[in-house]
Amino acid sequence: MSEIKKEVPRRKFLKNAAAGTAGAAALSFPMISNAQGVKTLRFQSTWPAKDIFHEFAVDFATKVNDMTGGEMKIEVLPAGAVVPAFGLLDAVSKGTLDGGHGVLAYHYGKNSALALWGSGPSFGMDANMLLSWHKYGGGQAFLEELYKTVGANVKSYVYGPMPSQALGWFKKPIAKTEDLKGLKYRTVGIAIDMFTAMGVSVNALPGGEIVPAMDRGLLDAAEFNNAASDRQLGFPDVSKVCMLQSYHQNAEQFEIMFNGDVYRGLPPKLRAILDNCVEASSADMSWKAVDRYTKAYDEMQKNQGVKFYKTPDSILRAQLKVFDDVVAKKSAENPLFKRIVDSQKAFAQKAVRWDLDGTTPRKLAYDHYFGGAPKKV
């Protein structure tokens with residue numbers, strides 16, 4: 001009997017030790033599962049579930065799930081389901097999540113150069129040109145180098161060109177740069193430095209926290225991204241004035257990322273499917289955006305009493321001047337920042353000139369078909 005009594009605790013100890021080892025392994029490695037032969041990846045977006053951006057993340061996952069024929073499945077969770085929106089990079093890098101959907105400007109605190117993929121005027125390029133620089137002008141290699149410097153173990157895809165973003169939502173129209181001074185304002189990335197230099201009190205908040213902060217008076221004004229997102233998040237409930245056009249985020253894209261170990265552990269066929277689903281999602285997202293953003297833009301004017309105003313050119317010029325100062329300072333502090341800026345400027349000089357010289361002005365055609373007869377003086 002005494003031998004049996006001694007053996008039971010020993011067996012219990014071994015069982016607990018095995019369980020502890022398994023638990024430690026689960027915490028140390030990415031959360032990819034292989035139930036019944038299906039690779040299931042846990043994926044979180046940076047966006048609230050009701051935002052169209054979260055829908056874009058789901059669209060990408062749906063394409064992957066369909067193309068793999070059930071061999072791999074991406075499960076998409078909204079912001080905050082596992083980690084806060086701004087904690088996505090760390091969570092994916094460490095394997096707390098297998099992947100995620102967000103924007104590079106949200107990693108600004110890791111290295112300010114990461115925000116050059118979206119929060120700045122990009123030297124006249126629109127978002128599609130900046131994406132071209134990333135794919136064919138050296139941007140991807142720079143991003144990989146940046147992620148190494150911050151110790152991020154991720155595979156990053158930059159995709160989905162976004163239209164120029166609005167200056168934002170205000171209590172009254174902004175007529176001059178002095179009107180911005182002292183305002184409590186939400187923005188992200190290098191735009192934080194630009195607006196701070198213009199006398200603005202900046203607070204970086206995730207998308208789902210902006211409208212509640214405005215409602216409580218913690219913010220006087222804010223920008224997020226586009227008409228559909230702004231409407232879904234409730235901006236018309238806290239403001240009726242939106243200023244269109246700004247250089248603070250004139251050219252931005254989304255980012256899809258995967259834990260590096262997870263990505264490298266996939267067979268070549270599945271990695272190729274991810275590569276091509278990113279490309280397909282990039283195109284589809286830009287087409288869907290035109291449809292949904294314009295509908296929301298009309299809806300807010302017709303049924304929600306929102307007034308849209310063009311940001312004065314004097315403010316746009318001031319943004320460019322201040323951005324030059326910010327870039328000069330950060331380039332002096334960070335050699336990699338300077339190398340990326342120089343690369344973008346060289347690409348922009350050719351791309352923007354080609355676009356300006358060759359693109360037929362849309363306004364001429366719009367005025368011809370929809371502008372109506374000239375007013376008599």
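A cavity is a set of grid points where a 1.4 Å probe fits but cannot get out, and its lining residues have an atom within 4 Å of a point. By that rule, Thr46, Ala85, Phe86, Leu88, Gly102, Val103, Tyr106, His107, Glu255 and Met257 line the second largest cavity of this structure. The model is a predicted one.

**Cavities**

- Three cavities of 30 Å³ or more are found in the structure.
- The largest cavity has a volume of about 70 Å³.
- Its lining counts 13 residues, and Tyr106, Phe224, Asn225, Gln249 and Glu252 are the closest to the centre.
- Seven residues of this lining are nonpolar, three are polar and three are charged.
- The second largest cavity holds about 40 Å³ of space.
- Six nonpolar residues, three polar ones and one charged one make up the lining of the second largest cavity.
- Tyr106 is among the lining residues of the largest cavity, and Tyr106 also lines the second largest cavity.

**The largest pocket**

- The volume of the largest pocket is about 1600 Å³.
- Its lining has 42 residues, and Pro163, Ser164, Gln165, Asn250 and Arg362 lie nearest the centre.
- Helix 11 (268-303) is one of the elements that supply at least two residues of this lining.
- Helix 11 gives the largest share, seven residues.
- Other elements supplying at least two residues include helix 4, strand 4, strand 5 (168-170), helix 8 (227-233) and helix 13.
- By class, the pocket lining has 23 nonpolar, 13 polar and six charged residues.

**Nonpolar cores**

- The largest nonpolar core has 56 residues, and Trp117, Tyr147, Phe170 and Ile340 touch the most other members.
- Elements that give two or more residues to this core include helix 3 (88-94), helix 5 (139-149), strand 4 (154-162), helix 12 (313-333) and helix 13 (335-358).
- Helix 13 provides the largest share of this core, eight residues.
- Another core, of 53 residues, lies apart from it, and its members include Val64, Tyr106, Met162 and Phe235.

**Aromatic pairs and clusters**

- Across the whole structure, a search finds 24 aromatic pairs.
- Trp47 and Phe53 form an edge-to-face pair, with 4.9 Å centre to centre and 75° between the planes.
- Trp47 and Phe53 are both buried.
- Tyr157 and Tyr263 also pair edge-to-face, at 6.4 Å centre to centre and 75° between the planes.
- This pair links distant parts of the chain: Tyr157 is in strand 4, Tyr263 is in helix 10 (residues 260-265), and 106 residues separate them.
- Tyr157 and Tyr263 are both buried.
- One aromatic cluster is formed by Trp47, Phe53, Phe56, Phe86, Tyr106, Tyr159, Phe224 and Phe254.
- Phe86 of this cluster also lines the second largest cavity.

**Charges over rings**

- The charged end of Lys155 sits over the ring of Tyr157, 5.0 Å from the ring centre.
- The charged end of Arg271 sits over the ring of Tyr263, 5.8 Å from the ring centre.
- Tyr157 and Tyr263 are the two partners of the edge-to-face pair described above.

Conventions
Residues numbered from 1 in each chain as written. Predicted model: local features only at pLDDT ≥ 70, side-chain atom pairs only at ≥ 80, totals over all residues. Heavy atoms only, no water. Core = buried A, V, L, I, M, F, W, Y, C linked by side-chain atoms within 4.5 Å. Buried < 20%, exposed > 50% of the residue type's maximum accessible area, 1.4 Å probe, protein only. Helix = DSSP H or I, 4+ residues; strand = E, 2+ residues; numbered from the N terminus. 1 Å grid on protein atoms, 1.4 Å probe; cavity = no way out; pocket = protein on both sides within 12 Å on 5 of 7 lines; lining within 4 Å. Points joined across faces, edges and corners; volume = space filled by probe spheres on them. Nonpolar A, V, L, I, M, F, W, Y, C, P; charged D, E, K, R; others polar. Phe/Tyr/Trp six-rings, centres within 6.5 Å; stacked < 30°, edge-to-face > 60°. Lys NZ or Arg CZ within 6 Å of the ring centre and 35° of its normal.
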